[in-house]
Amino acid sequence: FAAYLEEDNTKYQAQFAAYLEEDIEADGLEELYESVHEKIREDPSPSEKKAFSPDKSFKRTAKLSIEERKARVQAKKDAKNAELEAEDDE
């Protein structure tokens with residue numbers, strides 16, 4: 001914490017933005033960990049987990065057949081050859 005604060009304030013702001021939002025300083029970090037450990041010792045049972053729901057909007061595209069892939073490569077080759085011939089003509 002302190003090294004970043006002295007060295008580069010913008011880097012400090014970016015690196016420790018979450019801590020700054022919660023008003024946690026370097027000096028209070030040890031006390032924070034101790035309080036968290038005390039709470040865990042009081043009630044060690046895990047908290048309820050939220051149900052995971054994946055994003056359904058992403059859909060993989062179907063694989064291309066070998067003929068489609070070869071045709072695609074040939075089209076790229078033809079385009080590049082036409083580009084090179086146009087350069088040679090100039």
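**Close-up views of a predicted all-in-one-chain model**

A search of the whole structure finds 1 salt bridge (a side-chain nitrogen of Lys or Arg within 4 Å of a carboxyl oxygen of Asp or Glu). This is a predicted model: local features need pLDDT of at least 70, side-chain atom pairs count only at pLDDT 80 or more, and totals for chains, interfaces and linings use all residues. Residues are numbered from 1 along each chain as its sequence is written, and side-chain values use heavy atoms, with hydrogens and water left out.

**View 1. Glu-83 pairs with Lys-80 in a salt bridge.** The closest N and O atoms are 3.6 Å apart. Both residues lie in helix H5 (residues 66-89). They sit 3 residues apart, about one turn of the helix. Helices (H or I, at least four residues) and strands (E, at least two) are DSSP runs, numbered from the N terminus. Glu-83 is partly exposed at 42% relative accessibility. Lys-80 is partly exposed too, at 44%. Here buried means under 20% relative accessible area, exposed over 50%, and partly exposed in between (1.4 Å probe, protein chains only).

**View 2. Leu-32, Val-36 and Ile-40 make a nonpolar surface patch.** Patch members have over 30% relative accessible area and no salt bridge; like charges are joined within 9 Å, nonpolar side chains (Val, Leu, Ile, Met, Phe, Trp, Tyr) within 5 Å. Leu-32 belongs to helix H4 (residues 29-42). Its relative accessibility is 34%, so Leu-32 counts as partly exposed.

**View 3. Glu-6 lies in helix H1 (residues 2-7).** Glu-6 is exposed, with a relative accessible area of 71%. Asn-81 is 75 residues away from Glu-6 in sequence. In space the two are 58 Å apart, C-alpha to C-alpha.

**View 4. The whole protein has 5 helices and 0 strands.** The radius of gyration is 29 Å, well over the 12 Å that the globule rule gives for 90 residues, so the protein is more spread out than a compact globule. That radius is taken over C-alpha atoms; the rule is 2.2 Å times the number of residues to the power 0.38. The C-alpha trace spans about 75 × 40 × 15 Å along its principal axes. Of the 90 residues, 4% count as buried. The accessible surface comes to about 9100 Å², with 51% belonging to carbon and sulfur atoms.

Methods:
Areas by Shrake-Rupley, 256 points an atom, 1.4 Å probe, with all protein chains shown as cover.
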